[in-house]
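Subject: Structure for you to look at

Dear colleague,

I am passing on the structure we talked about, and below it you will find my notes on what came out of it. Please keep the structure open while you read, so that you can find each residue as it is named.

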Amino acid sequence: MSVGQAFLGLLESGPRHGYDLKKTYDDRFGHARPLHYGQVYATLSRLLKDGLVELDGVEPGGGPERKRYAVTSAGVTDVEKWLGSAEKPEPYLQNTLYTKVVLAVLTGRPAAGLLDVQRAEHLRLMRELTQRKITGDLAEQLICDHALFHLEADLRWLELTAARLDDLAKVVRP
Amino acid sequence: MTAPHTPAGGTPLLVGEGLCKAFGPTAALDGASVAIRAGEVVAIMGPSGSGKSTLLHCLAGITRPDSGRVLYQGQEVSAMSDSERSALRRTRFGFVFQFGQLVPELTCLENVALPLRLERVRRREAERRAAEWLERLEVTDVAGKRPGEISGGQGQRVAVARALVTGPQVVFADEPTGALDSLNGERVMRLLTQAARETRAAVALVTHEARVAGYSDREVVVRDGRTRHMEHTR
Ligand SMILES: Nc1ncnc2c1ncn2[C@@H]1O[C@H](COP(=O)(O)OP(=O)(O)OP(=O)(O)O)[C@@H](O)[C@H]1O
Ligand SMILES: [Mg+2]
């Protein structure tokens, strides 16, 4: 998650203090992982240095919590560029599960059992997320659905792999 | 034969023990066992052709297993007479399938009222209760339409209403969201499981979709006609 760009976007509605930004960010995007204050001020000073935000009046007394930040036009352009660019799809080519399956087959251990255990664990988490989704608001639903679709993809891979274990054994242990 | 899997806490309502069923040379079930408690939503998962539908049909008394037993409230279903078995299906069980289950000549309201009419409930009363269920399933607006005039998602919700209208103890659902897109599938699952939980009906749900199984309390995996049990219970 690009915290910097998210800050810039949030600042488009008007200048804010650091703590206000953190709170808004946490409410909207932080869900499982709220920001640390250190992270907030490090991000803001980087944005300041890059000319993407500017100080919008400093109250007397000094200290980072007194500063109000406003987005610059370069900042707005930066958000626009970020929103318009594709994220790199994460292909997960170095998958721990894959390593486990191959190692199990290689060492003559029951790989099917490993896949069963993993399926149960995935489904357990999917039930939890489904519950959260049913009781949550729309934002919560979208976040949970994103996680659910990814877990489902893992599970489809598990099923496919389970169906190909015999073939895999021939390749891994000719 | 595998020992029947009895989940901790509570006597099971419906039990299948060591179920075997062959179609000619094909062993569709080869010693499958399941136990379902009252009010529990159990997902029956597994690859295509593994025997999920056959298992569901055996549990529901639609298919007679070659060997093994099905017990409903401790009573052996395969030992019942045909009329006892069909009475059990009519009064205690509800069914939702993938598609094509509504009577095309009847309106949706009449479709939902049908199981009650078969139980000799008067038309006015049956349609009143049917209308209530259509409302719960959020499809009141299709009450007067025929199945050919509504969408697949609406049809599945009507089918769920029909399955629940008699207040069944067990709802058997075979890929109830199979023909729907994600959003409609989710909606059917949410409404089905919500309604089942409120009425304390157990649900035996066949699905190969993990997101659909996310609405269950527990899964039973069928592979080559045999069941594997995972012990995760919510
Ligand atoms: N009425 C039937 N006549 C002949 N063979 C059948 C019959 N019903 C099922 N089978 C066979 O029994 C096996 C199990 O079928 P079943 O329909 O139970 O699988 P399933 O797990 O429900 O598959 P799917 O996910 O594709 O619906 C399959 O090999 C199928 O071809
Ligand atoms: Mg089937």
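**Where the two chains meet**

Chain B and chain A bury an area of about 1700 Å² between them, and carbon and sulfur atoms give 57% of it. Please keep in mind that this is a predicted model. The size of an interface is often given as the accessible area lost when the parts come together, so that is the value I have put at the start.

On the side of chain B, 19 residues take part in the contact, while chain A brings 20 residues to it. How many salt bridges run between chain B and chain A? The count is five, and one that you can look up is formed by the side chains of E159(A) and R223(B), with 3.5 Å from N to O. There are also six residue pairs in polar contact across this interface, with both residues of each pair at pLDDT 80 or more.

Over all chains, the structure holds 34 salt bridges. In one of them the side chains of R228(B) and D116(A) meet, at 2.1 Å from N to O. This pair crosses between chains, since R228(B) sits in strand β10 (residues 226-229) of chain B and D116(A) sits in helix α6 (residues 111-135) of chain A.

**Around ligand 1**

Oxygen atoms of the ligand come up in several contacts: a polar side-chain atom of S53(B) lies 2.8 Å from one, a backbone N or O atom of G51(B) lies 3.0 Å from one, and a polar backbone atom of S50(B) is 3.2 Å from one. Taken alone, ligand 1 exposes 640 Å², and the protein buries 56% of that.

Definitions and conventions: Residues are numbered from 1 along each chain as its sequence is written. Chains are lettered from A and ligands numbered from 1 in the order in which they are written. This is a predicted model: local features need pLDDT of at least 70, side-chain atom pairs count only at pLDDT 80 or more; totals for chains, interfaces and linings use all residues. Side-chain values use heavy atoms; hydrogens and water are left out. A polar contact is a pair of N or O atoms within 3.5 Å; within protein, one must be able to donate a hydrogen and the other to accept it, and residues adjacent in sequence count only if both atoms are side-chain atoms. Accessible areas come from the Shrake-Rupley method with a 1.4 Å probe; for residues, only the protein chains shown count as cover. Contact means heavy atoms within 4.5 Å. Buried area is the accessible area (1.4 Å probe) that two parts lose on being put together, summed over both. A salt bridge is a side-chain nitrogen of Lys or Arg within 4 Å of a carboxyl oxygen of Asp or Glu. Helices (H or I, at least four residues) and strands (E, at least two) are DSSP runs, numbered from the N terminus.
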